[in-house]
Amino acid sequence: SPCAKMDEAPNNRTSLVKGAKDIAKEAKRHASKNFNKAVDRASDEYSAQRSYNRFHNEDEDNYNAYNQPDGQYGDNAANDEDGASSDATEGHDDEDEIYEGEYQGVPASNNENPRDGQVALGLKSLKSQKELENERQADEEELAQQYELIMQECGHGRFQWQLFFVLGLALMSDGVEVFVVGFVLPSAETDMCIPNSGAGWLGSIVYLGMMFGAFFWGGLSDKVGRKQCLLISMSVNGFFAFLSSFVQGYSMFLLCRMVSGFGIGGAVPIVFSYFAEVLAREKRGEHLSWLCMFWMIGGIYASAMAWAIIPHYGWSFSMGSAYQFHSWRVFVVVCALPCVSAVVALTFMPESPRFFLEAGKHDEAWMVLKHIHDTNMRARGEPERVFTVNRIKIPKQLDELVEMQNESANPVLKVLCKIKAELRGIWLTFMRCFSYPVKENTMKLAAVWFTLSFGFYGLSVWFPDVIKHLQADEYASRVKIHHNERIEDFTFNFTLENQIHRNGVFMNDRFLNMKFKAVTFIDSSFINCYFEDVSSVGSSFKNCTFVDSFFYNTDVDDAKLTNSRVINSSFHHNKTGCQMTFDDDYSAYWVYFVNFLGTLAVLPGNIVSALLMDKIGRLSMLGGSMVLSGISCFFLWFGTSESMMIFMLCLYNGLSISAWNSLDVVTTELYPTDRRGTGFGFCNAICKLAAVLGNLIFGSLVGITKAIPILLASAVLVGGGLVGLRLPDTRSNVLM
């Protein structure tokens, strides 16, 4: 009867489940036994000889299904328990696949029984998450050893040098972005009438954008690939950097520079991850250090362009008083050129093969590795050498469940769900950076990045202001003071500069087509005076009285009339906007030249660090460089002259660059491939956060005291160097 059948159904299901569990236990025991034997045999072979032939002869039961170069699979690949992930199943959770009603796995041979594949899948789904993670860890260790041998076969040659210069342009753009802030700030303040209270935001907003950009793009590169993320991030940077040179309002300029910084934030974490993944172990430390030179080249480029362009105020045009395009805007456009060049060159480079393998894309990885091998062999004059690798170990894929929308869903909703899934994936990968075995290393790296950045970026933004302040003090010491003067029926048609007039009386005087530059009138009276075509830069009228005076086409407004009285006087056709001085400014030349020298001083440190990175070790170089740079920074306190300060700045830069280079190498090598971009991005975000704090703290103390920022920078650098010495040595590591 129907009721009897219903009673029997639960019993049948219970028996089926019990039988499946028994089969699963037996299969798991058998698979584990075979797997351990395979790993032991692989370890013995690897220690006996440096050869990866063993990867071609393992039992198919313990490996993923590998593609041959012609795209064919082995006869037993479909029954491979570890090979149940492919491009077709990417994004599906192992536990979820048995409910999908359809399994699109590794292509089976023609005589394969589909039911066997379904049973294998059901058994696989019963494995605990812990076991799957352990198997993936074993796969990753095996892949790391094999990949190192493959890179040694590919050699180091033309391909790596091509990628070196392409990624160097991207890193150069990051260096340019940092220096643009300090160089543009004084001119942008004047051009856009920025009050002193708002000027600091220009420096901080760029670093905030870079902070969020480093975390976002670094995390995304672990999900969608190094090349694709770097292309998008650099395109964002180039577009908004170019756009920022044309906007007129300060708020829009801030927005464009922030988004530009968000784009360039992805450069450092992706560039180093990308390049490290095509280098053999013995080449990695040295060539990553050579790559760091492009950051220095970016700083030199920005300094040279600022020195050549910004002080030439004649390189400008205007459309009425509403649109001004001064020379500093030309400088911003020129600084976007390295980024544009990097985007164009990057389109011709392949994706990282190590990322492809981590994502389970065997064929794509094999093709890129073969391209690297063939490119290098042709450059050596050995085109006949054949790429002997035909299968590569792929780690077990542990993809999370992704929300799928049906085809009729709202396109906007599908895009939002995709974005949500990517952000969730980035967050989950980020949380894995705080799990064993990299948790302790992440905390130490964050501390070292913060301390090194706080000292370096804080001083790099603060130092131009210090030079400017020292020059202002020297300029003020040469001021001419006039007391109780009385001038009648006189025509002023020349520039008055660096003067103070107290208790003066000006009667029936004419001020025509002239400039006031750093001129202050205090308690003075202007009676029946005529002002026409007058510009006043850094000038003001305090407690002054204007009687029966006439102003035409001047920039004298309420902001420059402090506690002054205007009696029976009129203002007509006043100038709008801030008036820049159109004379060549010696102080501007000096600030850019100082930064040029400071950046050029990095060159010896770069060369030394590259040559010694693999000889004395990353940690010795990191800790020693930070401690020495902290000590040199401390001596800035005793610098009483510009020349002394400049010499100490050059010494500080030359010593600290070795710390930067070694920290980049250590961070790249400490994280496994599946979270390398995320971990590096997090550390770089901490770096930019420290830059923001350093900028705000140091900037607020300019002109008040130099002891506190210098002592603070010195203390954190020494402390960070001591923490860096506690990191594990990665010199002999293969990339996990």
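User: Why is Asp374 called buried?

Analyst: Buried means under 20% relative accessible area, exposed means over 50%, and partly exposed lies in between (1.4 Å probe, protein chains only). Asp374 has a relative accessible area of 18%, so Asp374 is buried. Keep in mind that this is a predicted model, where local features need pLDDT of at least 70 and side-chain atom pairs count only at pLDDT 80 or more, while totals for chains, interfaces and linings use all residues. Residues are numbered from 1 along each chain as its sequence is written, and side-chain values use heavy atoms, leaving out hydrogens and water.

User: What makes Asp374 and Lys370 a salt bridge?

Analyst: A salt bridge is a side-chain nitrogen of Lys or Arg within 4 Å of a carboxyl oxygen of Asp or Glu. The closest N and O atoms of Asp374 and Lys370 are 2.7 Å apart, and they form a salt bridge. As for Lys370, its relative accessibility is 29%, so Lys370 counts as partly exposed.

User: Why is the pair of Phe165 and Phe294 called edge-to-face?

Analyst: Rings of Phe, Tyr and Trp (its six-membered ring) pair if their centres lie within 6.5 Å; planes under 30 degrees apart count as stacked, over 60 as edge-to-face and the rest as tilted. Here the centres are 6.1 Å apart and the planes at 90°, so the pair is edge-to-face.
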